[in-house]
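Colleague: I am new to this structure and would like to go through it step by step. Could we look at it together, starting from the whole chain and ending with single residues?

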Amino acid sequence: MSVSTTSITSGSSSKLIVNTDTDETPDVGNGASCVIQQVKIDNTNNASALTYLRLYNLNSTTGLTIGSAQPNMVLVAAGGTVASYVFPQGITFNSGIVMAAVQEAGTAGATGPAAAVTTTILLT
């Protein structure tokens, strides 16, 4: 796990969450209520494999089982690409953000990407 949080000092309460090792092991990205503005999934190290980023409205990984727990949001990045998602109105996660990345779509499956995936989330 390598998750870092940077406060953006532009007069707003924005934060930039960067996880340089997003995989099947869930990581807490933010432990409190927040609004997701933008998500970037860097899947360039996985040339031919899709990566699915699962986001959970949780403030802890306690009791979370990847492969059976229903994610609140699933975003995909094609193999060898960087996928960017922008949410102009924002998406509220009331509890926080826990993230994991897998090779399978939906809820089932817990196989992590073969190579490192970096996830960047801009939130307020």
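Colleague: What share of the accessible surface of the protein chain belongs to carbon and sulfur atoms?
Modeller: Please keep in mind that this is a predicted model, and that the values I give are computed from it. The accessible surface of the protein chain comes to about 5,800 Å², while 37% of its 124 residues count as buried. Of that accessible surface, the share that belongs to carbon and sulfur atoms is 50%.

Colleague: What is the radius of gyration of the protein chain, and why does it agree with a compact globule?
Modeller: The C-alpha trace spans about 40 × 30 × 25 Å along its principal axes. For 124 residues a compact globule would have a radius of gyration near 14 Å, and the chain agrees with this because its own value is 13 Å.

Colleague: How many strands does the protein chain have?
Modeller: Read along the sequence, the pattern is β-β-β-β-β-β-β-β-β. Among the contacts with a separation of 6 or more, 76% are made by residues 24 or more positions apart. The chain has 0 helices, and its number of strands is 9.

Colleague: Which strands are the edge strands of the open sheet of 4 strands?
Modeller: The order in this open sheet is β3-β8-β5-β6, and the pairing is antiparallel. Neighbouring strands of the sheet are turned by 30° against each other on average, with direction ignored. Strand β3 (27-30) is joined to β8 by 3 bridges, and β5 is joined by 5 bridges to β8 and by 5 bridges to β6. The strands that pair on one side only, and are thus at the edges, are β3 and β6.

Colleague: Which residue of β8 is the bridge partner of Tyr56?
Modeller: Strand β5 (residues 51-56) runs antiparallel to β8 (residues 97-102). For Tyr56, the bridge partner in β8 is Val98.

Colleague: Are the residues of β5 buried or exposed, on either side of the strand?
Modeller: In a regular strand the side chains alternate between the two faces of the sheet. Here Thr51, Leu53 and Leu55 point one way from β5, whereas Tyr52, Arg54 and Tyr56 point the other way. Of the 6 residues of this strand, 6 are under the 20% limit of relative accessible area, and the word for both sides is therefore buried.

Colleague: Is Thr81 buried, exposed or partly exposed?
Modeller: Thr81 lies in the loop between β6 and β7. Leaving aside neighbours within four places in sequence, Thr81 is in contact with Ile41, Asp42, Asn43 and Thr44, and its C-alpha atom is separated by 4.9 Å from that of Thr44, 37 residues apart along the chain. Because its relative accessible area is 27%, Thr81 is partly exposed.

Key. Residues numbered from 1 in each chain as written. Predicted model: local features only at pLDDT ≥ 70, side-chain atom pairs only at ≥ 80, totals over all residues. Heavy atoms only, no water. Buried < 20%, exposed > 50% of the residue type's maximum accessible area, 1.4 Å probe, protein only. Helix = DSSP H or I, 4+ residues; strand = E, 2+ residues; numbered from the N terminus. Pairing = 2+ DSSP bridges. Rg over C-alpha atoms; globule rule 2.2 N^0.38 Å. Contact = heavy atoms within 4.5 Å. Areas by Shrake-Rupley, 256 points an atom, 1.4 Å probe, with all protein chains shown as cover. Axes fitted to C-alpha atoms, helices over the stretch in contact; angles between N-to-C directions.
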